[in-house]
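Subject: A structure for you to explore

Hi there,

Here is the structure I promised to pass on to you. Please open it beside this email and follow along as you read.

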Amino acid sequence: MKNILLIGGSYGIGLAIAQQLQSENNIYIACRTNEFLIGTNITHIPFDASTDTLDTSLLPAIIDGLVYCPGSINLRPFKGLKPESFEADLQINFINMIKVVQSVLPNLMDASQSSIVLFSSVAASMGMPFHTSVSASKGAIEGFTKALAAEYAPKIRVNAIAPSLTDTPLADKFLNNEQKKEKSAERHPLKRVGTADDIAQMACFLLSDQSSWISGQIHHVDGGMSSLLV
């Protein structure tokens with residue numbers, strides 16, 4: 001069985017990943033609350049990515065897979081954004097992730113081949129109004145993904161998933177009624193909004209041996225939005 005560490009995972013895509021993996025893997029979730037873990041065999045590690053240093057003594061010596069889930073959706077006109085808003089988005093999406101990756105790097109190196117899965121956004125490759133802050137921080141993730149994959153190949157594979165708007169608690173204010181969901185679905189060539197399971201399935205594939213020849217890639221799981229015009 002593989003040892004998989006999720007940073008975040010109490011809801012949304014992270015929880016969907018844990019649920020899909022837990023029957024055949026040892027799952028460790030580092031997050032603030034453990035209420036969602038009651039009745040499961042998942043190991044909870046108290047951790048707030050914005051304030052805490054990850055206690056690696058609570059982790060196994062070998063980590064086969066790492067997924068960093070925390071993120072933000074900060075959509076506002078550029079003229080109303082202060083530099084502090086860009087700094088906050090960069091902190092939660094990118095800087096905090098770097099700290100985690102560096103802290104568990106020895107554990108990842110001790111695996112025969114480990115896998116890191118990060119999250120970008122369709123907005124990093126498409127020009128979307130009101131997305132300047134989130135696009136900037138997610139774009140940093142995409143550049144980091146490719147550079148880290150090159151530096152640590154073949155020992156560590158690094159990939160990022162770039163979803164479109166997905167029906168999770170983080171996106172609730174954009175999808176909290178049927179009219180909003182219908183409008184969002186119409187924007188996608190596949191005519192529906194993505195689900196947490198849609199994204200989790202790709203993450204699980206990238207953590208598995210089935211993807212052992214895939215690294216340094218940005219995987220668009222976005223209902224066709226980034227590449228299809230219909």
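Below is what I found in it, going from the whole chain down to single residues.

Before you start, please note that this is a predicted model, in which local features need pLDDT of at least 70 and side-chain atom pairs count only at pLDDT 80 or more, while totals for chains, interfaces and linings use all residues. Residues are numbered from 1 along each chain as its sequence is written, and side-chain values use heavy atoms, with hydrogens and water left out.

**The whole chain**

The chain holds nine strands and five helices. Both are DSSP runs numbered from the N terminus, with at least four residues (H or I) for a helix and at least two (E) for a strand. In sequence order the pattern reads β-α-β-β-β-α-β-α-β-β-α-β-α-β.

How does the radius of gyration of the chain agree with that of a compact globule? For 230 residues a compact globule would come out near 17 Å, and the chain has 17 Å, so the two agree. That radius is taken over C-alpha atoms, and the globule rule is 2.2 Å times the number of residues to the power 0.38. Along the principal axes, the C-alpha atoms fill a box of roughly 45 × 35 × 35 Å.

Of the 230 residues, 49% count as buried. Here buried means under 20% relative accessible area, exposed means over 50%, and partly exposed is in between (1.4 Å probe, protein chains only). The chain exposes about 11500 Å², and carbon and sulfur atoms supply 54% of that area. Accessible areas come from the Shrake-Rupley method with a 1.4 Å probe, and for residues only the protein chains shown count as cover.

Contacts (heavy atoms within 4.5 Å) tell you how the chain folds back on itself. Among those between residues at least 6 apart in sequence, 69% join residues at least 24 apart.

Start with strand 1, residues 2-7. Six of its six residues are buried. Lys2, Ile4 and Leu6 point one way, and Asn3, Leu5 and Ile7 point the other way.

Which strands pair with strand 1? Strand 2 is joined to strand 1 by six bridges, and the two run parallel. One example is Leu5, whose bridge partner in strand 2 is Tyr28. Strand 4 also runs parallel to strand 1, with four bridges between them, and there Ile4 has Gly65 as its bridge partner. Two strands pair if DSSP finds at least two bridges between them.

Strand 4, residues 65-68, is covered on both faces: Gly65 and Val67 on one side and Leu66 and Tyr68 on the other are all buried. Strand 4 also pairs with strand 5 in the parallel sense, over three bridges. In that pairing, Val67 has Val117 of strand 5 as its bridge partner.

**Helix 1 and its cover**

Is helix 1 (residues 12-21) largely enclosed or largely open? Eight of its ten residues are buried, so helix 1 is largely enclosed by the rest of the structure. The buried ones are Gly12, Ile13, Gly14, Leu15, Ala16, Ile17, Ala18 and Leu21. Their cover includes strand 1, strand 2 (25-31), strand 4, strand 5 and helix 5 (196-207).

Helix 5 contains Ile199, which is buried at a relative accessible area of 1%. Leaving aside neighbours within four places in sequence, Ile199 is in contact with Ile13, Phe119, Ile161, Pro163, Thr166 and Val221. Thr166 is 33 residues from Ile199 in sequence, and their C-alpha atoms are 8.4 Å apart in space.

Where is the cis peptide bond? Look at the bond from Ala153 to Pro154, with omega near 5 degrees. Pro154 sits in the loop between helix 3 (132-152) and strand 6 (156-163).

Phe130 has a positive phi, near 70 degrees, and is not a glycine. You will find Phe130 in the loop between strand 5 (114-119) and helix 3. Its relative accessibility is 49%, so Phe130 counts as partly exposed.

Lys191, also not a glycine, has a positive phi of about 60 degrees. Lys191 is in the loop between helix 4 (178-187) and strand 8 (194-195), and at 41% relative accessibility counts as partly exposed.

Happy exploring!
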